[in-house]
Amino acid sequence: MTRYAARMTEKTVKSVRRVFEVLELFEREQRPLAAKEVARRLDYPLTSTHALLKSMQELGYAEYNASDWTYLPSPRLPRLLRWVEDFLQREPLLLEFMDALNRATRETVNVSRRIDTQVRIIHGFESRHLVGISVKHGTLMPVGQSLTGITALAALDETARRDCLAQIRARDPAQAQQLDEALIHSVLEELAEHGTTCRCDLFVEGIGAVCVPVRSVSGDSLVVGVVGPSERITEHQSAHRDAIAELAAEFRVQTPFALV
């Protein structure tokens, strides 16, 4: 579907985990904290705690008060994620659909929006398997170089699709050279027949996805994808398509093609 990195859920990157544990500690305490207290509460080495908090400060995500040696998350952090909160408030049924789909398929489930000649992942639920494909919120991908983007293109009406392809040729010659209009047509035929499309090893070897175009509450065209290792997606694609159809009906998710 895109250039995801395969991950093993039983082992997380220590530095990344610590950043989120520090943020969760601030959320619980809701007050400035000194590095010494953070280290004690989380049982971290003091030296690495100082380094972590200093890095957050230098990146603009924490503020430091030299008078009492305390840190506090900066206003930049909630601004960075405000769009997520807006999306969550606008699309409760779509998110319930995605959560249920994640539980039914046990694979990563994400939703993306087309932005001109690219698509952006705007939300997702991680795989429940020990080995799965990680979702990276905010990731931008060329429309013509991901199954998500190809699905978004195929779901457009003919005029809008022609206009988008013209934009790609005018603005992004490198992407235009790699456009596969036969693939777009093939995905469109599959959507017309099933309402969903499935491809494995399309742009990245070892990764497969089942995608479905959907309509948001505000009328935006989005793409929901069930993403996993190619072997599992190939084996379970029929069950994943059935789950998409059943859960889309249950949560009243609108799709431009009939789900069969």
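The briefing below treats a predicted model and is grouped by topic.

**The cysteine C198**

- C198 is found in strand β9, which covers residues 197–200, and this cysteine counts as buried because its relative accessible area is 9%, which is under the 20% limit for that label.
- When its neighbours within four places in sequence are left aside, C198 is in contact with E190, A209, V210, I233, Q237 and R241.

**Cysteines and disulfides**

- A disulfide is a covalent bond between the sulfur atoms of two cysteines.
- The closest cysteine sulfur to that of C198 is in C200, at 4.6 Å, and this is too far for a bond, because a disulfide requires the two sulfur atoms to be within 2.5 Å.
- C200 is likewise in no disulfide, and the count for the model comes to zero disulfides.
- Whereas C198 is buried, C200 counts as partly exposed, with a relative accessibility of 24%.

**The sheet**

- Strands of a sheet pair through backbone hydrogen bonds, either parallel or antiparallel.
- Six strands form an open sheet in the order β8-β6-β5-β11-β10-β9, and their pairing is antiparallel.
- The edge strands of this sheet are β8 (140–142) and β9, each of which pairs on one side only.
- On average, neighbouring strands of this sheet are turned by 30° against each other, with direction ignored.
- The pairing of β9 with β10 (residues 207–215) is antiparallel and runs over four bridges.

**Helices that lie across the strands**

- Helix α6, made of residues 147–154, lies across β5, β6, β8, β9, β10 and β11, and runs at about 30° to β10.
- Helix α9, made of residues 181–194, lies across β9 and β10, and runs at about 135° to β9.

**Helix α5**

- Helix α5 has 14 residues (92–105), which should span 20 Å at 1.5 Å a residue, and this agrees with the 20 Å between its end C-alpha atoms.
- Several residues of α5 are buried, among them L94, L95, F97 and M98, and also A100, L101, N102 and T105.
- After α5 comes R106, whose phi is positive, near 65°.

Definitions and conventions. Residues numbered from 1 in each chain as written. Predicted model: local features only at pLDDT ≥ 70, side-chain atom pairs only at ≥ 80, totals over all residues. Heavy atoms only, no water. Helix = DSSP H or I, 4+ residues; strand = E, 2+ residues; numbered from the N terminus. Buried < 20%, exposed > 50% of the residue type's maximum accessible area, 1.4 Å probe, protein only. Contact = heavy atoms within 4.5 Å. Expected span 1.5 Å × (residues − 1). Pairing = 2+ DSSP bridges. Axes fitted to C-alpha atoms, helices over the stretch in contact; angles between N-to-C directions.
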